[in-house]
Every structure is written in structure tokens, then in C-alpha cells.
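Biologist: I am new to this structure and would like to go through it slowly, from the whole chain to single residues. Could we take it one question at a time?

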Amino acid sequence: MSEEQTINSLEELGDVAEVSAPEAPVYVQKLDAQGRAYATGKRKDAVARVWIKPGSGRITINGREFEKYFARPVLRLVLLQPLVAAERTDQYDIVANVSGGGLSGQAGAVRHGLSKALTHFEPALRPVLKKGGFLTRDSRVVERKKYGKAKARRSFQFSKR
């Protein structure tokens, strides 16, 4: 339409403006030279670097078997959640280097990194992992201690005497 032409109704405005729905991003496979997918996962103060490649289902964390590294069954369950949700339990070999934080944060960081690496290896798994909430970085961290307080919010004991 020319600049001189006026628009008198919403129907005319609809004719003028070409509405194009934004296209969904297309996710592609991202592999390194060895055919592995890499991702970084974070949780609390822990940071995990995770590599996955097709294999028999071996999971190695900081050079040790994951059953030995995460002795508590709950932590192993947390780590395996993305694989169970995607139904890929024994299809990938996983190598992770994790540092910082405690064991719970490290398990969460490996879970986050594993989920991201799975989406890099198989982009079709993204909706399943996204629905399970595995791709979202849990941003909760410990609140810092404030001056004049015993901890972040706890005050020192008060006595009237």
C-alpha cells in the first residue's frame, strides 16, 4: 500500500499487515571430532562437563564408576532420570568431570549436563526432556550470610538481661 492511502477499519489493517508466525527453531546434532556430544551442567556450586557417545551404558564420573562415586541410591536415581525418561538407559557411554559443591549438587549438575548432551546428540529427544524439566538450570543457590546475623537470616539469640 502507498503512504497516502488511509486505513479505515481493522479488516483493512489485516490486509495490509502480513502476519507471519515465528518459525520454531530447528535443532541439529552437535558432535565433536570423536563423535561425542558435549554439554555443561550446573546445580548450586557444582559444575559438570559431560560427554556422551554410543556404547554399552557405562557411566564414569571423575574417572570412577558412578556406583562408587554416588554411593547413595537417591543420587544415582537423580543422575539416571533423563536416560529413563528418554528410554535410552543402555545405549550411551557417559563420561563426566564434576567439581564444586556437594554430592547432591554434583548429581544435579551431571543430570543437567547429561540432558543437554542428549539433546545435542538426538535433537528429537528435546520435547521429552523439556517436559520432564531436565533442561532447565535449577537456579537456586545458597543465600549469602549478612553482617549482624548468625547466618543468612537467623539472628543471634536475644536476652533481656
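This is a predicted model: local features need pLDDT of at least 70, side-chain atom pairs count only at pLDDT 80 or more; totals for chains, interfaces and linings use all residues.

Biologist: Among contacts between residues at least 6 apart in sequence, what share joins residues at least 24 apart?

Modeller: The contacts counted are those in which heavy atoms lie within 4.5 Å. Taking those between residues at least 6 apart in sequence, the share that joins residues at least 24 apart is 66%.

Biologist: In what order do the elements run from the N terminus on?

Modeller: The secondary structure comes to five helices and five strands. Read from the N terminus on, their order is α-β-β-β-β-α-α-β-α-α.

Biologist: Why does arginine 88 count as buried?

Modeller: Arginine 88 lies in the loop between helix 3 (73-86) and strand 5 (92-99), and, leaving aside neighbours within four places in sequence, arginine 88 is in contact with Leu83, Glu122 and Leu125. Buried means under 20% relative accessible area. Arginine 88 therefore counts as buried, because its relative accessibility is 18%.

Biologist: Is threonine 119 buried or exposed?

Modeller: Threonine 119 has its place in helix 4 (residues 103-121). Beyond the neighbours within four places in sequence, threonine 119 is in contact with Arg126, Leu129 and Leu135. Its relative accessibility is 10%, so threonine 119 counts as buried.

Biologist: Which element gives the largest share of the lining of the largest pocket?

Modeller: The largest pocket, with a volume of about 190 Å³, is lined by 15 residues, of which Arg43, Val78, Gly108, Arg111 and Asp138 lie nearest its centre. Two or more lining residues come from each of strand 1 (37-43), helix 3 and helix 4. The largest share, four residues, is given by helix 4.

Biologist: How many residues in the lining of the largest pocket are charged?

Modeller: Sorted by class, the lining has four nonpolar and five polar residues. Asp, Glu, Lys and Arg count as charged, and the number of charged residues in this lining is six.

How values were computed. Residues are numbered from 1 along each chain as its sequence is written. Side-chain values use heavy atoms; hydrogens and water are left out. Buried means under 20% relative accessible area, exposed over 50%, partly exposed in between (1.4 Å probe, protein chains only). On a 1 Å grid over the protein atoms alone, a cavity is a set of points where a 1.4 Å probe fits but cannot get out, and a pocket is an open set with protein on both sides within 12 Å along at least five of seven lines; lining residues have an atom within 4 Å of a point. Grid points are joined across faces, edges and corners, and a volume is the space filled by probe spheres set on the points.
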